[in-house]
Amino acid sequence: MTVQEGVLTKRRRRPLPPLGFIISLGFLTVVIFGAVFANVLPIDPLAQNIVDSLKPPSGSHWFGTDELGRDIMARVIFGARTSLVTAAGAVIIAALIGVPIGLVAGYFGGWRDTVLMRFIDVLLALPNILLAMALIAVLGRSQTAALIAVGVAGVPSFARIARAQVLTLRQLDFVSAVRGFGCSSSYIMFRTILPNILSPLMVQVIVLSSVAILLEAALAFLGVGVPPPTPSWGEMLRTGKSYLYEAPYYAVLPGLVLTLTILSFDTIGKQMSRALDPRSGGGTPGELERAGP
Amino acid sequence: MTPLLNVRDLACRYRVTGKRGETHWLHAVDGVNFTLDAGRTLGVVGESGCGKSTTAKLVLGLQPASRGRITFAGEPVSATRDSHWRAMRRRMQMVHQDPLAALDRRLTVGEQVIEPLIIHGLKGGPQTPRERALALFDAVGLRAAMFERYPHELSGGQRQRVVLARALVLDPELVVCDEPISALDVSVAAQVINLLQDLQGRFGMAYLFISHDLKVVRQIADEVAVMYLGRIVEQGAPDDLFHTPAHPYTEALVSAIPTVGQRDRKRIVLAGDPPNPVDRPAGCAFHPRCPRATAICRSEVPPLRPVAEGRLAACHLVPAVSARSAAA
Amino acid sequence: MLHPVPGSTGAAPPLLSLEDFTVAFAQGAGRTRVVHGIDLTLQRGEALGIVGESGCGKSVTWLAALRLLGKRAVTTGRVLLNGRDLSGFSERELADVRGGRIGLIFQDPTSCLNPILRIGTQIGEALRLHRGLTGKAAEREALRLLDRVGIADAPRRLRQHAHELSGGMNQRVMIAIALAGEPDVLVADEPTTALDATIQAQILDLIRDIRRDTGMGLVLISHDLGVIADLCDRVAVMYAGRVVETAATQDLLGSPRHPYTRGLLAALPSLEGPRVRLTPVGGTVPSPDAMPPGCAFAPRCAYAEAHCGNGIPVLQPAGTGHLSACRRLDALMGEWQRQAAREAGRHDPVVQDLDWPNRDRQRELSA
Amino acid sequence: MTGFILRRLAQLIPVLLIASFAIWAMIFAVPGGPVGMMVGENATPEEIAAATRKLGLDRPIPVQYFNWLTHAVTGDFGQSLHSRDPVTKLIGERLPATLQLALVSILVALVIGIPVAITGAVKEGSWVDRLLNGWNALALGVPTFWLGILLILLFSVELRWLPSASRYVPLWEDPNQALRSLILPGLTLGLYVSGILARFLKASLVSEARADYVRTARAKGVSERQIVGHHIMQNALLPFITIVGLMVANFIGGAVVTEAVFTYPGLGRLLIQAISTRDYPLIQGCIVVILVIYMAISLIVDILYAVIDPRIEYR
Amino acid sequence: GATASAQALKGGTLRIGVLDEIANYDPQQLSTVNFYVIKNLYDSLIEYTADGKPVPSLATAWKIAPDNKSVTVTLRDGVTFHSGTPFKADGVIAALTKGADPARGKNVYSTMAVVKDWTAPDDRTVTINFKDPVPDRQILDLLQFLIPIDPKGVETVETVPAGTGPYLLESRSVGQGMKLKANPNYWRKGEPVSKEIVFTIFSEDAAATAALESGAIDMVYNGSSRSAARLKNAGYQVFDGPGKLVQVFRINSTRGPFRNKKFRQAFNYLMDRDGILRVGYAGMGQVVALPWAPASPAFDASYTKTYAYDLEKAKALLKESGLTPAEMQDWKLLVNGSDEPSVRISQVVQATLAQVGIKIDLDIRQGAEFVDALLKGNFDAVFGGVGNVQKFPSRVATNSIYRTSKNPVLKDPHPHPDYVAAIAKVDTTFGSGTDVKASYDNLNKVLVDESFGIPTNSYEVGLIVASDKIGGITPDMDNLLVARTIGFK
Ligand SMILES: Nc1ncnc2c1ncn2[C@@H]1O[C@H](COP(=O)(O)OP(=O)(O)OP(=O)(O)O)[C@@H](O)[C@H]1O
Ligand SMILES: Nc1ncnc2c1ncn2[C@@H]1O[C@H](COP(=O)(O)OP(=O)(O)OP(=O)(O)O)[C@@H](O)[C@H]1O
Ligand SMILES: [Mg+2]
Ligand SMILES: [Mg+2]
Ligand code: NI
């Protein structure tokens, strides 16, 4: 007598995704394309031309040049690489640490839950940016450090999502059923529960990607991110901010690209979670995952 | 002959936190005794929250009991998750209420039927896991073509068949069914009831069949136990028990069932709500709602004792018969 | 008791009637129709039962009739209350009808009450809206209502919240709220499904008593024929968004005239009589967006013939006050009568097991 | 209730102990110490040694931690190594500034967020809703530091209406000056938070609107307006309190970026400065204060929640 | 000289934007962050005019003994400390005692190295004795550096100012700024002009200049050359004092390829000094190849031409060094991340090096971490400004890289004995004859030959950018902020 019976026996036609989603996807594709193929493009983010410093956008330099006469657009394109690599690495780290923590805490409960969640609470109580800065202080300033710092800041959100999902799933009959077959705890955690929470975790990956990009940029903006001369959006904003009078485009254009990237991730993440929430008429987690077959 | 399942003085309590943060003990199951022979069906009925599901979990060793002893085919059942416990899983299985919830939406139903075999490392043997699963698909009346489907692509009845096939794939001796048809439509429920009976006829496993629907229990069970607030208050053959209930609670329960056939039947409507298991009434737990309660009911807990041929009841007002005649 | 057959109107118009009522849900670009043209009437003071399988449109029909389904639901046809069409009503007028003329109660009483408002506030709201009562007068009336629905210790209960009351009590509160507007009809959508057997009996008794005292009409939606049989004068059986049979309760239970109704009855286990093997109706209900052509029940029907697939059967008289929508009605009625005579006293399946995938194996198993 | 609060307070202690020890241990893992900054880059080894001894940094770390702890429990967080001022004084100067900014930002966020959420929820699916969704996405997606730059560019560089660098002026002392200073950072931060609040509130409004009791209210004949205002809103606001509380808690140390853009003297920037100068007592003090406030706010939120929502019990 | 124009100025509240939080009020911990308070809260014994002429301050007269082994100072009468204590010899002695204490001496300690002891024959006279004869200019530098401290307040001088200066501390809000008010008992007549100074700390140059432009402040002290250049064009007054710093590419010659002298010398040609000056300092300052400001007696402009940017010469030297390309690359350029010009010019050098095939990484560090690396000599190379370049040439040795003993970077024994000898020569050549000049020339030759420090340019420190309403700005030898003469036109 469940509603789902009626709904799920037939797969419904899904409406076309909204325009914003398509634009976002398009924009991200361009950014990712640029980041991946930056090396083969005929651009050099490091080539200095001190005589031509701080020139406004023109035919030869679409985004203008920076204080060392480097092409801002080239730096924005290579900056995408920095941002995306850092964000991707950070999200992977966050997931690799956070998900097992959440799984163990949620599945076993008891003292393990208490200990792990206290740890997560501490991480959570410290604002992300401070946590990341503290870690960078320990690790020294480098891309790896930024990546780890942003990753650790993302651990709590993965842990909590995983835990919350486990807590609901653990109650479900199909998990009890698998448990009833006499399998080990790790089998249930990693073979039964984990695949079932992959979809919400995937959404979290997308959501966290935008958070990670933002956090990475914020760190660079505060001067502790990926060190120069490696191009980085946040660093460009940081430097650009001190040339607001001479060269307003310097801070504005990279900021625009950064903002659009974040917005795109956000839009895509939202669309995905809408697709995951059956109540908003998308489908079931299972459906999204197997969109292929 | 030792019974397949022997439950003695089983009890289980949960710790619950009260309104002001104080701890209470909720006695979900409180001294349950019964036996179940191989190949037989024991039906358990009772209102919501009376401890049916808890009993089921205790019997399967999915949850530790706070008191009592369970033996399965002569071996004690414990809830410690050791290799013995795991091995025991092969011999006892559970069927849940909502078949959709009991299946992993992410795996094909075929994979899920095979899963227990994989977990128990039963990959070799005379049949491959796939052959074995297909044979069971056949037995529960599913076409082999459905093997590759996902749970949401099946109907409710078909899903429950998958759940049954999965429960049977390890060849268990006991299947605990916790309200296996409550989530199904009337017409589909009938299919599953029939199937359960047929499978028992073919494979000979015992059922512990839990339901709040007396009519379904009567249809399927060889013996019925009526639970009230964590205890069995009456037990016996279904027809006898439902036609001539001995315990006042059973009587009220039976009379409360709206039936198609009889209109304007005299109903015993119990006053009040089912009591809170956190603060059990003293004496007979049923006394606050019992139309016939007397002083002794308020003070003394009635034991479950034979009251007629093959019938047990826990009520002070029902005269006991001698142990000998009960055993006959 | 005899009821006028719809169409053969008596003197006064029926209290409530649906005429060719359909409901569809907007689904992406298109629409899925879930209720396909229903004709039903309810006389003043009558108790009408609606039965049918899950998803057949029992709830949707009545919610849509009162426009409680939101914008995604699109209805056609007419809903007449005392002869006036509700579809022409403004939101304001409709608000007066809801709770004022037609009271509603639902399946899960606890979730149907606002969790953060006191019981008293929620009853008071209905009293204010429909009877203009506030303050002391409202409180007095609320106490009376709680008393009426059999809640002891009413003054205290008024100050409590839904989660502090049991399910049965909450359903009583829901009834009290429904009664607050002194409606002409109570539409009860599976009011006891979520409740225990003993509590269900209490609620059914309560509804019966109130009806006896107030003469209020009742539409009782349930998938449990037993519950309907207990309370209703007349029953409408729905299948896949249509009414397939309607008759006085005794008549319908005693001599069902539609294969689906017969199947439903045969699939029910019973507490009485000898234990017999149940006869399930094979297959499943078609989903609203994949309706078979012709009779929706035909694919599951043991008596179906080729022409059942052409054209939708309409309700036709099958006795006094008895309507059934089956193309083979005449043929089957004769057959069933003969069969009944032949097998009087024996308990045999009424319908054959049809869509059983392994019918042969099944026989072998049961042998 | 008292028991509940006491229990929650007791839970605070281990968290603080663990956190403070972890931080203490961590800051010693950090390269560079406070001495260099104190003695300057041209200092001689003698000066360095003398300064190290003076700060007690030559003692074993557990001893230092224990020293700190014994003082800290009496409320004495020591002196800043850098300015030699008591840590409590330094924090005490920054905290009101931080709270003031948090207050203004939350007000901005509420003023923008609540109407956006309600309109979006009431008109769900319409073009207005889409527009507001877009607005929300923008509010969330635009990095505060970029928005801050744009605002400065517009209001300070171009129009010269407002100062580009904000100062802390207590609102009650000079409201005009204080607001001039707070308006840009408050807007920057508030806009971002309004996005979070609006999204959250709308989601809970929409999900509450689907709840059964709303259907009951309609069936009772309650008007649509009252259903939104009375039934849905009240229920949706409950979880909303948590979010607002969390946001405020997060502002205490987490508004660093906005503080940096507008050079606002908040607690976050004090901490960053302390980290950069390796001012150990100040780092510890700041973090402990941030943690305590965070937990205090979440405790207050929990209590509020339990007081308002009849379903919640104190645990 | 300022007094005359001060007459025409009006007092009032002077609102000054600064970029640093002061470390403390100790006048002996003189670092750029304290530059804006020291000369306002304290007075030194003597002062220099912009062209290096000593003038009296708290000392009314000073007499250097003929053997250059002592100096006798006569103290001003009628001066009181802020606490009300009269200024006497004990105030000078307190400062001398503190300065000679390695634990408390701070910046003064190294300058005090030449001092043997001191005596105070009476309240108004102090005689300072030296271990060895000390050149005149170096003695004057010491007197200019010595700031009398209230003997009662010497212990708490870090947190409570204890001077005789023209202003009193009124209030301070850490991280935000401070307020000074005029010292009513100040001994210089008619000064201070402005009755109140409000310092506002801006974390960024841009914010400070924006505040100046919006009229929220009257002047910015110690802002960047870049915004000064921009504001100058916009009609603001820009004052650069004589106390410049010289940016030096400091090389740790004890490490890796830098042990190779030819390799180091190549860097003399690898510095695109013009580019560095433009990118780093908006062209404000001069390109230099020696660590001297133009005001320094050792200043020699010819070196700048000789060692101009020349990749070919550099390549030739690199080749001569005999190092393989792989050996040349294995190092990092340490960068002070808190200093924007350093970040920029380090990137310029990085790019230049890439052109001659040397790929290096930047090791950007902030705050304590950077100072720590600097103090421990934990780097291969780093840009760092050196001070005291306008004073007696051997004062350059107070900068860590140029230190002759206990050099934290080069360690002991000093790897460049020629340089140590050259400094000693300068220190022991008295008078003003040709031998003095010769000792300077020798030092310059050794500096470029050893090449462990490659000066690139001089740059402004303590730049003052003021609105046109402001007048009466007095230059200071060290470019400290001297606010007592500043007022409104
Ligand atoms: N994990 C638990 N923690 C606390 N109380 C529990 C827990 N599980 C069950 N209970 C309580 O124990 C009692 C018995 O629960 P049980 O699930 O066995 O009832 P049931 O008879 O199966 O009811 P239903 O018919 O509703 O399924 C109930 O009051 C229930 O609230
Ligand atoms: N809001 C809705 N949007 C789309 N389809 C709906 C909606 N509500 C109901 N339906 C569909 O309408 C059909 C009829 O539903 P309805 O709730 O009336 O069934 P029912 O007969 O009341 O079943 P049950 O016994 O389960 O309550 C079902 O197929 C259901 O899936
Ligand atoms: Mg149960
Ligand atoms: Mg329904
Ligand atoms: Ni009738």
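Let's start where chain C meets chain B: 51 residues of chain C are in contact with 46 residues of chain B. Keep in mind that this is a predicted model. Eight pairs of chains touch, and the most contacts are between chains B and C.

How much area is buried between chain C and chain B? The figure is about 4,400 Å², and carbon and sulfur atoms give 52% of it. As background, the size of an interface is often given as the accessible area lost when the parts come together.

Now the polar side of this interface. The rule finds 15 residue pairs in polar contact between chain C and chain B, counting pairs with both residues at pLDDT 80 or more. Several helices of chain C take part. Helix H8 (197-214), helix H9 (225-231), helix H10 (249-254), helix H11 (259-267) and helix H13 (359-366) each supply at least two residues of the side of chain C that touches chain B. Which of them has the largest share? That is H8(C), with nine residues. By class, this side of chain C divides into 25 nonpolar, 16 polar and 10 charged residues.

How many salt bridges does the rule find across the interface of chain C and chain B? One. Its partners are Arg277(C) and Asp198(B), whose side chains meet at 3.0 Å, N to O. In general, side chains of opposite charge can pair when their charged atoms come close.

Salt bridges are also found elsewhere. Over all chains, a search of the whole structure finds 71 salt bridges. Take one inside chain C: Glu46(C) pairs with Arg234(C), and their closest N and O atoms are 2.7 Å apart. The two residues are 188 residues apart and link distant parts of the chain. Glu46(C) sits in the loop between strand E2 (30-42) and strand E3 (47-52), while Arg234(C) is in strand E9 (residues 234-239).

Next, back to chain B, and to ligand 1. The ligand is surrounded by 13 residues, and the closest are Ser48(B), Gly49(B), Lys52(B), Ser53(B) and Thr54(B). Sorted by class, the shell has five nonpolar, five polar and three charged residues.

For Thr54(B), an N or O atom in the side chain is 2.5 Å from an oxygen atom of ligand 1. For Gly49(B), the atom is a backbone N or O, at 2.8 Å from a ligand oxygen. For Glu179(B), a polar side-chain atom lies 3.3 Å from an oxygen atom of the ligand. On its own, ligand 1 has 630 Å² of accessible area, and the protein covers 64% of that. Which elements give two or more residues to the shell? They are strand E2 (23-36) and helix H1 (52-59) of chain B. H1(B) gives the most, with three residues.

Then there is chain D. Along the principal axes, the C-alpha atoms of chain D fill a box of roughly 85 × 55 × 35 Å.

Chain D has an interface with chain E. Here 37 residues of chain E are in contact with 38 residues of chain D. Between them the two chains bury about 3,100 Å², with 51% of it on carbon and sulfur atoms. Val174(E), Gln176(E) and Leu375(E) supply 19% of the area that chain E buries against chain D, more than any other three residues.

Across this interface the rule finds one salt bridge. It joins Glu369(E) and Arg278(D), with the closest N and O atoms 3.3 Å apart. On the side of chain E that touches chain D, the elements giving two or more residues include strand E8 (167-173) and helix H14 (367-375). H14(E) gives the most, with seven residues. That side of chain E divides into 13 nonpolar, 13 polar and 11 charged residues.

Finally, the pairs that do not touch. No contact joins chain B and chain E, and their closest C-alpha atoms lie 46 Å apart. Chain C and chain E do not touch either, with nearest C-alpha atoms 48 Å apart.

Definitions and conventions: Residues are numbered from 1 along each chain as its sequence is written. Chains are lettered from A and ligands numbered from 1 in the order in which they are written. This is a predicted model: local features need pLDDT of at least 70, side-chain atom pairs count only at pLDDT 80 or more; totals for chains, interfaces and linings use all residues. Side-chain values use heavy atoms; hydrogens and water are left out. A residue is near a molecule or strand if one of its heavy atoms lies within 4 Å of it. A polar contact is a pair of N or O atoms within 3.5 Å; within protein, one must be able to donate a hydrogen and the other to accept it, and residues adjacent in sequence count only if both atoms are side-chain atoms. Accessible areas come from the Shrake-Rupley method with a 1.4 Å probe; for residues, only the protein chains shown count as cover. Helices (H or I, at least four residues) and strands (E, at least two) are DSSP runs, numbered from the N terminus. Ala, Val, Leu, Ile, Met, Phe, Trp, Tyr, Cys and Pro count as nonpolar, Asp, Glu, Lys and Arg as charged, and the others, Gly among them, as polar. Contact means heavy atoms within 4.5 Å. Buried area is the accessible area (1.4 Å probe) that two parts lose on being put together, summed over both. A salt bridge is a side-chain nitrogen of Lys or Arg within 4 Å of a carboxyl oxygen of Asp or Glu.
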